[in-house]
Amino acid sequence: MNEFDSVQIRKLDGGLLLIFRELMARRRASDVAQQLGLSPSAVSHALSRLRDLFGEALFIRRSHGLEPTQRAMELAPRVEQLLGLIDGMVATESGFDPAKSRRRFRIACPEDITTLIATSLVDAFRREAPRATFSARWAMHARALRAVHRGEADVALGVFRQIPTGLRAQTLYEDDQCVIARKDHPRVQGALDPATYARVGHLFVGNPDGALADDPPIDRPEMDATYGALPTTPQIRTHGYVPQWETAMLVVSGSDVLAECPRALARRYAEKLGLQVLDPPYPPFRFTVQAVRRAEGSDPGVDWLMDKLAEAVA
């Protein structure tokens, strides 16, 4: 380590990183001061320290608050990773107290799982860990597992055909594909036979044309093995494709089309959206949703999070 590195590292501390993270989230110095129990002048001083440490301003004052620069946006995931490592190290030595923790737990998972767990997870954090937060980031399959392996996420949720060395998995729940229709559908009431299934129009989740150039690549064979292949038979009347099951549920609730959907998600929102949850007229696709974490070491904070995730899908 050279002299410059030593000097710069001595200027950096956990408190400064916490202020940086809250500034990224809240964008107002007064809100950050209130959240962390600091004076506004302490936050202002921290902004000066950050500018001195990195050689440039990380936040620009605007009429609506503090706007992070491109450099700040680049630093944010690294700072989050450092804070997670620090919190994990302290928690390992002294235990984890959710009532006192300010940790931000990072979860990598598909949007439908976020929709399924978010309400219960928010309630758990409000009740047991009011100063802690969670951040759910979209990621599937190998992308989600890489995030945990690299320390960019604490937990990955999803359907994984293989768990790499260095990670360990816990089953969250078993699920299968159902068919959804609106409750007052003129042709579908309580059951679905093959002929009706084929004649009534369908909305499918997925993109038959493949991803756009700037979209993250989708492993189509892995998707098909997880949730079932997109339809190819001309006997099924297909009216469209959407990218998410949440969108499909909203469309189905206001139209006469049918859609396939993970049963756990459909059941959670069937009453609110006025949906029927039906068995498909074919053997349904079944899959296991797992929570994956790093295998080595001990992290009582992640232990607590895993318990809350299990309760969220119970």
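How many helices and strands are there in the protein? There are 12 helices and 11 strands, where helices (H or I, at least four residues) and strands (E, at least two) are DSSP runs numbered from the N terminus. This is a predicted model, in which local features need pLDDT of at least 70 and side-chain atom pairs count only at pLDDT 80 or more, while totals for chains, interfaces and linings use all residues. Residues are numbered from 1 along each chain as its sequence is written, and side-chain values use heavy atoms, with hydrogens and water left out.

Of the 314 residues in the protein, 45% are buried, a word that here stands for under 20% relative accessible area, with exposed meaning over 50% and partly exposed in between (1.4 Å probe, protein chains only). If contact is taken as heavy atoms within 4.5 Å, then among contacts between residues at least 6 apart in sequence, 75% join residues at least 24 apart.

A nonpolar core is a set of buried Ala, Val, Leu, Ile, Met, Phe, Trp, Tyr and Cys residues joined through side-chain atoms within 4.5 Å. The largest such core has 43 residues, and those with the most contacts inside it are I117, L157, I180 and L309. Helix 12 (residues 300-312) gives the largest share of this core, six residues. Leaving aside residues up to four places away in sequence, L157 touches a set of residues that includes I113, I117, L172 and L309. Another core lies apart from the largest one and has 23 residues, among them A46, A72, L75 and V79.

Which cysteine sulfur is closest to that of C178? The closest is in C261, but at 5.3 Å the two sulfurs are too far apart for a bond, since a disulfide is a pair of cysteine sulfur atoms within 2.5 Å. The structure holds zero disulfides. Both cysteines count as buried, C178 at 0% relative accessibility and C261 at 1%.

A cavity is a set of points on a 1 Å grid over the protein atoms alone where a 1.4 Å probe fits but cannot get out, and its lining residues have an atom within 4 Å of a point; its volume is the space filled by probe spheres set on the points, which are joined across faces, edges and corners. The count comes to one cavity of 30 Å³ or more, and the largest cavity has a volume of about 50 Å³. Of the 11 residues that line the largest cavity, D112, I113, Y173, D175 and P262 are the closest to its centre. Helix 6 gives the largest share of this lining, three residues.

Terms used:
On a 1 Å grid over the protein atoms alone, a cavity is a set of points where a 1.4 Å probe fits but cannot get out, and a pocket is an open set with protein on both sides within 12 Å along at least five of seven lines; lining residues have an atom within 4 Å of a point.
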